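Subject: The structure we talked about

Hi,

Here is the structure I promised to pass on. Have a look at it first, and then read my notes below.

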Amino acid sequence: MFLGIDLGTSSLRAALVDEQGQLQGLGAAEYPILSQRPGFAEQDTESWWLALKLAVGQALRSARAMPEAVKAIGLSGQMHGTVLVGESGLPLARAIIWADQRSAAEAEELNNTLGFAMLSEVAGNRISPGFMAATLLWLRRHEPGMLEQARYALLPKDYLRLCLTGAAASEPSDASSTLLLDIRTRQWSAALACAVGLPIEKLPPLLPSHAEAGRLRSEAAETLGLRAGVPVVAGAADQAAQAMGNGILSRGIASCTIGTGGQFLQPSASPTPDPQLRVHCFCHALPDRWYVMAATLSAGLSLRWWRDVLGLPPEGAYELLSEEAEKAPPSAEGLLFLPYLLGERTPHMDPLASGALLGLTIRHTRGHIARAIMEGVTFSLREGAGVIEALTGRAPETVVASGGAAKSKLWLQLQADIFNRPITTVVGQERAVVGAAMLAA
């Protein structure tokens, strides 16, 4: 069997997958987003390691598997974030994750200085707050000593692999999300690194997503209950990994993932950046493949916000809210929700955008609000999908629904109605972690 590890924004999942691609065991553990100041979004890397230990143990027990059964390990993870590590490999501070907005001024400056033409040609994307490029420039200005002390600037899943193997590395799908990679050559861009004031040697070596990046260290193996020396492959960004797990490899099929964030992804056989940089263009986990993507920052996070406001316990809360939302009519009796709780990414690219409930009246219940949230998130993704359709010249024939929202019949129907496309699902919901295991295989 093969072990897939997906370091998400809200939780880490570990899955044991057999050679036929069937999920045999699954484990998961949550951790918080920390915000010591307005606009900050950080995570404690130690919480990732503790979650990994719990999730791997659960996966082994649920699969009734011995450590010797694991032949290789693959990783996927949340994109864009930054972990600075010193010469010892230990983190110098908390991870600054994709949802962080402190670098809004730096992102705007880089976009203006570099220009959309250069960014479209090289990076394929507009620089947004929370992307490593903007975060590094913020650190250069506000924490220069820490940046000088750093040996590597790593993406979240690449930090976790460093803990597993002791070897620093990255791969094109996740590296393209830093906005420091040339998406055409799949190599670090000296010009982009220079623009943020980072010596290029502080970026890790690049490997193909399926390549072995190291072997499981004995200390890590003992902690996780695995066999030392197991190959650990480079892995992929979570969106590239879920595309692998869902079979999203050609133009005719797209994916809509509604997890903490939301993404509408369509593959391409060549780089297809938007000249206006309203949507993203990243490297796929496969060689000679790219994808265009629209992203909504607060997708499932919006429903989680409502769950927490209501004080509902996590167990069964989403199922309850989905049932209540089904009882409300389409458009929730005139109630509209703008899902901009963390600002917004595509196609507006506005870190200062804020959410809103419009049309709220005394007759609206929490079920109406839950439905309005689901509708608002889906319309937000449809807005980005429309840009992709205009850019690529065609809409996908089918959309594969993924993420937590794929467990809700109502949310699946809303996607079918709003995208006006057949919506399909696949066997099992944990496709990013399965994609990571496929890369290991």
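To start with, which side chain meets that of E42 in a salt bridge? R102 does, with 2.8 Å from N to O. Keep in mind that this is a predicted model, as you read the rest.

**Salt bridges**

E42 sits in strand β4 (residues 42–43), while R102 belongs to the loop between β7 (95–96) and α2 (104–114), so this pair ties together parts that are 60 residues apart in sequence. Are the two residues buried or exposed? Both E42 and R102 are buried.

Across the whole structure, a search turns up 20 salt bridges. Another one joins K157 and E171, whose closest N and O atoms are 2.9 Å apart. K157 is part of helix α6 (residues 156–165) and E171 is in the loop between α6 and α7 (172–175), so here the parts tied together are 14 residues apart in sequence. K157 has a relative accessible area of 0%, and E171 also comes out at 0%, so K157 counts as buried and E171 does as well. The pair also belongs to a network of salt bridges that links K157, D158, R161, E171 and D174.

E397 is exposed, at 54% relative accessible area, and R394 is partly exposed, at 30%.

**The sheet around β17**

Next, take a look at the open sheet. It has six strands in the order β16-β17-β15-β14-β20-β21, and the pairing is mixed. The edge strands are β16 and β21 (423–424), each of which pairs on one side only.

How many of the seven residues in β17 (residues 290–296) are buried? Seven of the seven are, so the strand is mostly covered, given that buried means under 20% relative accessible area. In a regular strand, side chains alternate between the two faces of the sheet. In β17, W290, V292, A294 and T296 point one way, Y291, M293 and A295 point the other way, and all are buried.

β17 has a partner in β15 (residues 262–268), to which it is joined by seven bridges, with the two strands running antiparallel. Within this pairing, Q263 stands opposite A295. β17 also pairs with β16 (residues 280–283), again in the antiparallel sense, over four bridges. There, C281 has V292 as its bridge partner, and H280 stands opposite M293. The hairpin of β16 and β17 has six residues between the strands, and D288 takes a positive phi near 60° in it.

**On the surface**

E315 is placed in the loop between α11 (300–310) and α12 (317–326), and is exposed, with a relative accessible area of 76%.

The other patch is nonpolar: W305, V309 and L341 form it, and together they have about 250 Å² of accessible area. L341 lies in the loop between β18 (336–338) and β19 (356–358). Its relative accessible area is 34%, so L341 is partly exposed.

Cheers

Conventions:
Residues are numbered from 1 along each chain as its sequence is written. This is a predicted model: local features need pLDDT of at least 70, side-chain atom pairs count only at pLDDT 80 or more; totals for chains, interfaces and linings use all residues. Side-chain values use heavy atoms; hydrogens and water are left out. Buried means under 20% relative accessible area, exposed over 50%, partly exposed in between (1.4 Å probe, protein chains only). Patches are made of residues with over 30% relative accessible area and no salt bridge: like charges are joined within 9 Å, nonpolar side chains (Val, Leu, Ile, Met, Phe, Trp, Tyr) within 5 Å. Accessible areas come from the Shrake-Rupley method with a 1.4 Å probe; for residues, only the protein chains shown count as cover. A salt bridge is a side-chain nitrogen of Lys or Arg within 4 Å of a carboxyl oxygen of Asp or Glu. Two strands pair if DSSP finds at least two bridges between them.
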